[in-house]
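Please read the paragraphs below with the chain in view. They go from the whole chain to its sheets, and then to single residues.

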Amino acid sequence: MWTIIKFEKNKINSLLSDLQIKFGKDCKIYRPKIFQEKFKKNRLIKREHDLLGDYLFCFDKTFSNENSIKRLNYTRGVKYYLNGFKSSQNEIFKFIEYCKSKENPKGIIT
C-alpha cells in the first residue's frame, strides 16, 4: 500500500535510512522533482525542487497492518503521515504513474 508522509527536510537522509531498516529493501520511496532555472543578478541559477514540498510517497506491503503504520510515527524525520490513504490507493497510484510517465531519464519531471 502507498502512504503519504510529511517529513522534516533537514532529516531526509536519516528518514530514508530508517525506513530501509524498519521495513526492509521492499520499501519504495517516490519523491517527484522538478528542475528550475532562473536569472538572479545576471546569473543563471539551476535548482531541483520537490514537486510536493515536504511530502513523499512510500510503498510497502505491510502498510495494510495498523501496527506497521504506527511504527512510522516513531521514525526519525517523520512529522506525520496522512490518514485516509487506504481509500485513496487508486488515485495515489494513478498520480505516481502519471508523474513517472512525464520524467526524463534523470528522474526529473519535464
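What follows is a walk through the fold, starting with how the model is to be read.

This is a predicted model, in which local features need pLDDT of at least 70 and side-chain atom pairs count only at pLDDT 80 or more, while totals for chains, interfaces and linings use all residues. Residues are numbered from 1 along each chain as its sequence is written, and side-chain values use heavy atoms, with hydrogens and water left out.

The chain as a whole comes first. Its secondary structure consists of three helices and seven strands; these are DSSP runs numbered from the N terminus, with helices being H or I of at least four residues and strands being E of at least two. Read from the N terminus, the order of elements is β-α-β-β-β-β-α-β-α-β. Along the principal axes, the C-alpha atoms fill a box of roughly 55 × 30 × 25 Å. Of the 110 residues in the chain, 32% are buried, where buried means under 20% relative accessible area, exposed over 50%, and partly exposed in between, with a 1.4 Å probe and protein chains only.

The accessible surface of the chain is about 7600 Å², and carbon and sulfur atoms account for 50% of that surface. Such areas come from the Shrake-Rupley method with a 1.4 Å probe, and for residues only the protein chains shown count as cover. The side chains include 24 positive and 12 negative ones, and the centres of the two sets are 6 Å apart. Here Lys and Arg count as positive and Asp and Glu as negative, while His and the chain ends are not counted; the place of a charge is NZ of Lys, CZ of Arg, CG of Asp or CD of Glu. Among contacts between residues at least 6 apart in sequence, 70% join residues at least 24 apart; a contact means heavy atoms within 4.5 Å.

Next come the sheets. Strands of a sheet pair through backbone hydrogen bonds, either parallel or antiparallel. Two strands are taken as paired if DSSP finds at least two bridges between them.

Strand β2 runs antiparallel to β5 (residues 55–59) and is joined to it by three bridges. Ile-29 stands opposite Cys-58 in β5, and the bridge partner of Lys-28 in β5 is Phe-59.

Lys-79 counts as partly exposed because its relative accessibility is 44%. Leaving aside residues up to four places away in sequence, Lys-79 touches Lys-6, Phe-7, Glu-8 and Asp-54. Ile-69 is ten residues from Lys-79 along the chain, and their C-alpha atoms are separated by 13 Å.

Another open sheet has three strands in the order β4-β3-β7, with mixed pairing. Strands β4 (43–50) and β7 (108–109) stand at its edges with a single partner strand each, so one side of each has no neighbour in the sheet. Strand β3 (residues 33–40) pairs with β7 in the parallel sense over two bridges, and Lys-33 has Ile-108 in β7 as its bridge partner.

The loop between β3 and β4 holds Lys-41 and also Asn-42. Most residues other than glycine have a negative phi. Lys-41, however, has a positive phi near 55 degrees, and Asn-42 has a positive phi of about 60 degrees. Lys-41 counts as exposed because its relative accessibility is 78%; Asn-42 counts as exposed at 79%.
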